[in-house]
Amino acid sequence: MEGPPPAPLSRLLGTRAAFPRVFAAGAVAADAEADGKPQKPPFYIPEPRPMESGWDRLRELFVRDEQQRVSEELENICKAAASAGIIGWAYGGIPAFIHAKQRYIEQSQAEIYHNRFDAVQRAHRAATRGFLRYGWRWGWRTAVFVTIFNSVNTGLTVYRNKNALSHFVVAGAVTGSLFRISLGVRGLLAGGIVGALLGTPVGSLLMALQKYYGETVQERREKDRQALHERKLKE
């Protein structure tokens with residue numbers, strides 16, 4: 001005895017199509033309406049910011065912001081270098097100006113001038129040459145010294161993301177060693193020791209000033225970065 005013939009495929013599809021289709025979103029919405037709670041629209045949850053490394057923070061120093069401005073650390077280094085150059089030029093040029101003028105007057109006693117104005121003019125020329133010569137020597141050396149010191153100190157502070165007295169000591173040792181490297185190994189070691197000794201009181205003074213003002217450059221930079229991140233999230 002043969003069994004009943006199989007149902008045609010069209011009948012099976014029609015039977016399947018008769019059942020209602022329920023989607024996940026519709027089920028969630030129906031459950032929310034049944035509970036009497038209004039459905040909230042989905043909101044964007046930002047991913048947590050990855051922990052940046054020290055090299056990333058160092059690269060940020062050379063990146064301009066939205067207003068095409070350089071970082072505050074680089075700006076402070078340039079300002080300190082310019083100020084040190086001016087102070088060094090004045091420190092070496094003014095005494096050289098006075099000394100060169102007096103020396104010219106002492107050495108030109110037997111010379112004959114056309115008039116008093118000619119004598120004064122020549123004396124001032126000799127003094128100006130001394131001012132430019134020795135002022136330039138002191139100016140560029142002081143500017144380079146301060147630039148190296150601040151660059152090493154700022155680099156360590158940004159890389160480690162904290163301010164410490166050891167950064168000033170290392171910066172002083174590196175700067176002193178570079179300035180005495182032409183004297184050999186002994187000069188390098190002596191310059192490093194003297195630089196470290198000079199960097200300790202300078203670092204203590206600067207850290208005391210930062211505590212007095214209540215906020216360091218690194219802390220202000222971190223606050224600005226956090227505020228910029230929150231603003232971008234709101235946008």
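Asn153 lies in helix α5, where helices are DSSP runs of H or I with at least four residues, numbered from the N terminus. Leaving aside neighbours within four places in sequence, Asn153 is in contact with His167, Phe168 and Ala171; contact means heavy atoms within 4.5 Å. At 10% relative accessibility, Asn153 counts as buried. Buried stands for under 20% relative accessible area, exposed for over 50%, and partly exposed for what lies in between, with a 1.4 Å probe and protein chains only.

The model is predicted, so local features need pLDDT of at least 70 and side-chain atom pairs count only at pLDDT 80 or more, while totals for chains, interfaces and linings use all residues. Residues are numbered from 1 along each chain as its sequence is written, and side-chain values use heavy atoms, with hydrogens and water left out.

Phe168, one of the residues in contact with Asn153, also takes part in the contact between α6 and α7. The axes of these two helices come within 6 Å and cross at roughly 145°; axes are lines fitted to C-alpha atoms over the stretch in contact, and angles run from 0 to 180 degrees between N-to-C directions. On the α6 side the contact includes Leu165, Gly172 and Gly176, and on the α7 side Gly191, Gly195 and Met207 are among the residues involved. The residues of this contact divide into 8 nonpolar, 10 polar and no charged, with Gly counted among the polar ones.

Helix α7 covers residues 185-213. Its 29 residues reach 41 Å from first C-alpha to last, close to the 42 Å expected at 1.5 Å a residue, the expected span being 1.5 Å times one less than the number of residues. Among the buried residues of α7 are Gly187, Ala196, Gly199 and Gly203. What covers the buried residues of α7 includes α5 (116-160) and α6 (165-179). Just after α7, Gly214 takes a positive phi of about 85°.

The structure holds 2 salt bridges, a salt bridge being a side-chain nitrogen of Lys or Arg within 4 Å of a carboxyl oxygen of Asp or Glu. One joins the side chains of Arg59 and Asp56 at 2.3 Å, N to O. These two are 3 residues apart in helix α3 (residues 54-60), so about one helical turn separates them. Asp56 is partly exposed, with a relative accessible area of 27%. Another salt bridge joins Glu75 and Lys79 at 3.2 Å, N to O. Both lie in helix α4 (residues 72-107), 4 residues apart. Glu75 is partly exposed, at 35% relative accessible area.
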